[in-house]
Amino acid sequence: MIEIERKFLVKSMDFLEQATEKVVMRQGYLTKDPERTVRIRIKNQQSFITIKGKSSASGMSRFEWEKEIKHEDGIQLLALALPAVIEKTRYFVPHNQLIFEVDVFSG
């Protein structure tokens, strides 16, 4: 699978009023290798391992593989993550015929 991601700086929190759903996440990285990213993410009671390749020359896309794993395994792997586990809430905000996923980081 190829991931296409665009990032924007949000100037206000007004979008929260339009959000139709939110998910709280914790995630950590298992490697500092610049050629690939290996991440563990916990969303609610689900855990996932994700491997991402290096970004394309334009920086707009890269290979991504993600698989759900046992929640207990996710908790144990997150404990092995590099320092600074990330906590964030992802809000799903409909606009026109699109759904924007807006991450708000904690801490």
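Two strands count as paired if DSSP finds at least two bridges between them. In this predicted model, strand 2 and strand 6 are joined by seven bridges and run antiparallel. Strand 6 is also joined to strand 7, and strand 7 gives the most residues to the lining of the largest pocket.

**Strand pairing**

- Between strand 2 and strand 6, which are antiparallel, there are seven bridges.
- V23 lies opposite R90 of strand 6.
- Strand 6 and strand 7 are likewise antiparallel, with eight bridges joining them.
- H95 faces L98 of strand 7 as its opposite residue.

**The hairpin**

- Strand 6 and strand 7 make a hairpin, and two residues separate them.
- N96, in the turn of this hairpin, has a positive phi of about 55°.

**The largest pocket**

- The volume of the largest pocket is about 1400 Å³.
- Its lining consists of 35 residues, of which E5, R6, E101, V102 and D103 are the closest to the centre of the pocket.
- Two or more lining residues come from each of strand 1 (2-4), strand 2 (21-29), strand 3 (36-43), strand 5 (61-69), strand 6 (86-95) and strand 7 (98-105).
- Strand 7 contributes eight residues to this lining, the most of any element.
- By residue class, the lining holds 16 nonpolar, four polar and 15 charged residues.

Key
Residues numbered from 1 in each chain as written. Predicted model: local features only at pLDDT ≥ 70, side-chain atom pairs only at ≥ 80, totals over all residues. Heavy atoms only, no water. 1 Å grid on protein atoms, 1.4 Å probe; cavity = no way out; pocket = protein on both sides within 12 Å on 5 of 7 lines; lining within 4 Å. Points joined across faces, edges and corners; volume = space filled by probe spheres on them. Helix = DSSP H or I, 4+ residues; strand = E, 2+ residues; numbered from the N terminus. Nonpolar A, V, L, I, M, F, W, Y, C, P; charged D, E, K, R; others polar.
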